[in-house]
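Please look over the sequence and the model shown here before reading the briefing that follows.

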Amino acid sequence: MLNISAARRANSKNLELNIAPLIDMVFILLIFFLVTTSFVKETGVDIARPTASTAVSKTKTTILIGVTKDNTIHIDRRKVDIRAVRANVERALAENPEGNVVIVADKDSLTGLVITVMDACKLAGAPNVAIAANQDPGA
């Protein structure tokens, strides 16, 4: 007579689960998703953007300049003096001459400061300077 439980015990001792290919596959997928993910640049500060019915989406921006409601200027998550804006824009444009500049100004910031930042960007040689706004959902 055939002893089934003895046969199962003999087979279970030889059963081994090899997870090395599974780990390799997980790492390959992780690398794939990291390479294909697009990273979003931010100014590094919380800004309440104004809304505009004519706002359009820009796909590529080189430099984001943030102007907060406290009238401070931030570039690449660093607080920058108004006199250093032109130098920072010139440096970024040297790395990418076809880049755009987007000024992300808080709706409660001073208009004069935003105009001064825009002027510094134009003097630095930026071909395109835009001001960020949220699109008006009612329009």
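Is Phe32 buried, partly exposed or exposed? Phe32 counts as partly exposed because its relative accessibility is 47%, where buried means under 20% relative accessible area, exposed over 50%, and partly exposed in between (1.4 Å probe, protein chains only). The model is predicted, so that local features need pLDDT of at least 70 and side-chain atom pairs count only at pLDDT 80 or more, while totals for chains, interfaces and linings use all residues. Residues are numbered from 1 along each chain as its sequence is written, and side-chain values use heavy atoms, with hydrogens and water left out.

**Aromatic pair**
- The count comes to one aromatic pair, under a rule that pairs rings of Phe, Tyr and Trp (its six-membered ring) if their centres lie within 6.5 Å, with planes under 30 degrees apart counted as stacked, over 60 as edge-to-face and the rest as tilted.
- The pair is edge-to-face because the rings of Phe32 and Phe33 have their centres 5.4 Å apart and their planes at 65 degrees.

- Ile19 lies in the loop between helix H1 (4-14) and helix H2 (20-36), where helices (H or I, at least four residues) and strands (E, at least two) are DSSP runs numbered from the N terminus.
- Ile19 counts as partly exposed because its relative accessibility is 43%.

**Sheet**
- Five strands form an open sheet in the order E4-E3-E2-E5-E6, with mixed pairing, two strands being paired if DSSP finds at least two bridges between them.
- Strand E4 (78-80) and strand E6 (128-131) are the edge strands, each pairing on one side only.
- Strand E2 (residues 63-67) pairs with strand E3 (residues 73-75) in the antiparallel sense over three bridges, and Val67 stands opposite Ile73 in E3.
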